[in-house]
Amino acid sequence: MVLSRQEEKWLNGLKQTVREVVECSQGDRVRASGIFYKMSSKGRVYCKGLRGKSKEDLYKQLDTLKQELANLRVAQVTGGMPSKLSKIRVVRRSIAAVNIVIRQTIKANLKKFYENKKYKPLDMRLKKTHQIRKSLTRHERKIRTAKQQRKIRLNPKRRYAIKA
């Protein structure tokens with residue numbers, strides 16, 4: 001089978017793409033405009049890898065990721081390579097993962113702090129339903145005014161004995 005020069009170029013490019021995909025591990029490849037590109041050694045950051053880190057480390061990592069995102073945005077405006085443009089999504093997801101872990105650790109610490117307190121912040125209280133939250137407590141239901149108490153005392157519930 002004889003191929004034209006254009007078809008040969010296309011086939012060689014396809015072989016190169018396949019080689020790159022084979023060289024990359026599953027987590028390190030990024031697809032951009034139909035072609036797989038190698039990413040830098042830094043891949044996506046996942047929540048499970050961040051859980052044990054200290055607060056300072058998390059904020060430091062967040063700053064580096066934001067700086068990297070800013071650099072990628074500049075590359076996007078100046079017409080950078082597709083591999084850099086496709087990395088924007090990965091970096092944004094990584095920033096989200098770091099923010100999630102920071103928020104969860106803050107929530108867990110607040111939960112411990114307010115555990116046995118009488119008053120809690122609104123977002124720490126049980127949600128339940130509007131009706132349950134606004135309903136009277138048992139004590140409030142039992143309370144009677146002086147007039148009601150007098151009425152009950154003077155006109156008790158009548159009990160009749162029925163002859164069998």
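1. Two salt bridges are counted in this structure, which is a predicted model.

2. One of the salt bridges joins the side chains of glutamate 68 and lysine 87, with N and O 2.6 Å apart. The two partners stand 19 residues apart and connect distant parts of the chain, glutamate 68 belonging to helix α3 and lysine 87 to helix α4. Helix α3 covers residues 55-77. The side chains of glutamate 68 and lysine 87 are also listed as a polar contact, at 2.6 Å.

3. Is glutamate 68 buried or exposed? Its relative accessibility is 17%, and because buried means under 20%, glutamate 68 counts as buried. Lysine 87 is buried as well.

4. Another salt bridge is formed by aspartate 123 and lysine 107, whose closest N and O atoms are 3.4 Å apart. This pair also links distant parts of the chain: aspartate 123 sits in the loop between α4 and α5, lysine 107 sits in helix α4, and 16 residues separate them. Lysine 107 has a relative accessible area of 27% and is therefore partly exposed, as this value falls between the limits of 20% and 50%.

5. Which residues form the positive surface patch? The patch consists of Arg44, Arg73, Arg89, Arg92 and Arg93. Helix α4, residues 82-113, supplies the largest share of the patch, with three residues.

6. Arginine 93, one of the patch residues, is located in helix α4. Its relative accessible area is 39%, so arginine 93 is classed as partly exposed.

Notes:
Residues are numbered from 1 along each chain as its sequence is written. This is a predicted model: local features need pLDDT of at least 70, side-chain atom pairs count only at pLDDT 80 or more; totals for chains, interfaces and linings use all residues. Side-chain values use heavy atoms; hydrogens and water are left out. Patches are made of residues with over 30% relative accessible area and no salt bridge: like charges are joined within 9 Å, nonpolar side chains (Val, Leu, Ile, Met, Phe, Trp, Tyr) within 5 Å. Accessible areas come from the Shrake-Rupley method with a 1.4 Å probe; for residues, only the protein chains shown count as cover. A salt bridge is a side-chain nitrogen of Lys or Arg within 4 Å of a carboxyl oxygen of Asp or Glu. Lys and Arg count as positive and Asp and Glu as negative; His and the chain ends are not counted. The place of a charge is taken as NZ of Lys, CZ of Arg, CG of Asp or CD of Glu. Helices (H or I, at least four residues) and strands (E, at least two) are DSSP runs, numbered from the N terminus. Buried means under 20% relative accessible area, exposed over 50%, partly exposed in between (1.4 Å probe, protein chains only). A polar contact is a pair of N or O atoms within 3.5 Å; within protein, one must be able to donate a hydrogen and the other to accept it, and residues adjacent in sequence count only if both atoms are side-chain atoms.
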